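Please open the model in a viewer and follow the selections below in order.

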Amino acid sequence: MLGYRRALEADLGRWAAAGHVTPAGREAILAEVALRSRGLGVAPILAVLGATLLCFGVMLFVGANWQDMPRIARLGILLAGLWAAYGSAGLLTARGYPYFANAAILFAVGLFGAAIMLIGQMYNLGADPAAGVLLWLSGAAAAGGLLRSNTAFVAAVLLAGTWTSLVTGDTQEPHWWFVPAWLALFALIWLTTRWRPVLHLAGIVGSLWIVMLGYVLRDGHAHELVVGIGLAILAAAASAGPAIDNAMATREGALSRPMACHGFAIAVVGLFALQFFDWTGTTYAQPWLAANGMPLALLAAATLALVLGGLWLGVQRHFPALTWLAYISFSVEIVALYFKTLGTLLDTSLFFLSAGVLVCVLAAIAWRLHQRQSAPAGAA
């Protein structure tokens, strides 16, 4: 935020000197930016980190002295800690310290998870880490919804990713129950805080679950499905972006941009898996065969076409994150193709020649798009 404000101050000074912005308008813009950035600083971050450290400290302390305490004392410590944390959150909220209140809620969520694990050990319950994480996830989501806590929602989203990872790792099958759980959590966040960073984090966790489908369906040969899902998400964000933004606007901005980025990333990762990371034990000695046995040139051309589409969409719709994702994907694709096809001097020279042509084409397209976007209104 500080870097943005400094850049904006420099731009406003230049625009004011050119007569594009009045001095009063410049001061009003800077005042609004200062108001929006108020309350964000080092203190809230340190409070969250402190709450996390306190949570781990309590867990380690109780674990170290667990055998020497009677059961009633163990339960009393856990319950007292939970009540103290939530009571502190309410007091801090009433005093006008919402960021510190969120840190206290995060501490309470961490204590709830510690209580689940330690009580399970105390009563010799069945060892089912996934079930414990699911219970912990439910408590974190309930705390986030009832108290409108963004930090609790962050913990809930991360716990959802941990839960589905544990289940998938145990069963080596798609964890379909993650879908309704993820939708319910996303809806709860949307109906309460609508904080775009945590919605974006939920999108990342959901994207990782989609990518994992390629490795657990059809014996690890379902990456085409991953590519299709990613393209569908990207197409929905591109074609229905205004409708999505109008229906799901947040304080920090619209959702179609991160949605497009998630769809693009899913499709690119699926194509990368088809080319280089199939992980099914099958190997192909020929450098121009992909990891799944298809012609590498065909899949590489599809990836570069997707990169061009993402670059065009990012520039056309002013999605800078998507533009950068497209550039990064192109760079990774080129490097991966180089190591995949590295062999004879002829192969390497052909690779660099084709890559150079593609880079020049990308530069020309990007320049044309930039010229079109920079042209004044009404210009030919």
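Begin with helix 13 and helix 14: the former passes the latter in a left-handed crossing. The model is a predicted one, and what follows describes its computed geometry.

With residues 296–316 (helix 13) and residues 320–341 (helix 14) selected, compare their axes, which come within 8 Å and cross at roughly 160°. Because angles over 145 degrees count as roughly antiparallel, helix 13 is roughly antiparallel to helix 14.

Next, display the side chains at this contact. Sorted by class, the contact comprises 12 nonpolar, six polar and two charged residues.

Now move to the largest nonpolar core, which has 38 residues. Select Val109, Leu137, Val157, Leu185 and Ile189, the residues with the most contacts inside this core. Then colour helix 5 (98–122), helix 6 (129–147), helix 7 (150–171), helix 8 (178–191) and helix 9 (196–216), each of which supplies at least two of the core residues. Which helix gives the most to this core? The answer is helix 7, with nine residues.

Centre the view on Val157. Leaving aside residues up to four places away in sequence, Val157 touches Leu185, Ile189, Val198, Leu201, Ala202 and Val205.

Finally, select Val227, Ala267, Val268 and Leu274. These belong to another core, of 28 residues, which lies apart from the largest one.

Terms used. Residues are numbered from 1 along each chain as its sequence is written. This is a predicted model: local features need pLDDT of at least 70, side-chain atom pairs count only at pLDDT 80 or more; totals for chains, interfaces and linings use all residues. Side-chain values use heavy atoms; hydrogens and water are left out. A nonpolar core is a set of buried Ala, Val, Leu, Ile, Met, Phe, Trp, Tyr and Cys residues joined through side-chain atoms within 4.5 Å. Buried means under 20% relative accessible area, exposed over 50%, partly exposed in between (1.4 Å probe, protein chains only). Helices (H or I, at least four residues) and strands (E, at least two) are DSSP runs, numbered from the N terminus. Contact means heavy atoms within 4.5 Å. Axes are lines fitted to C-alpha atoms, for helices over the stretch in contact, and angles run from 0 to 180 degrees between N-to-C directions. Angles under 35 degrees count as roughly parallel, over 145 as roughly antiparallel, 65 to 115 as roughly perpendicular and the rest as oblique. A crossing is left-handed if the near helix is turned anticlockwise from the far one by less than a right angle, and right-handed if clockwise. Ala, Val, Leu, Ile, Met, Phe, Trp, Tyr, Cys and Pro count as nonpolar, Asp, Glu, Lys and Arg as charged, and the others, Gly among them, as polar.
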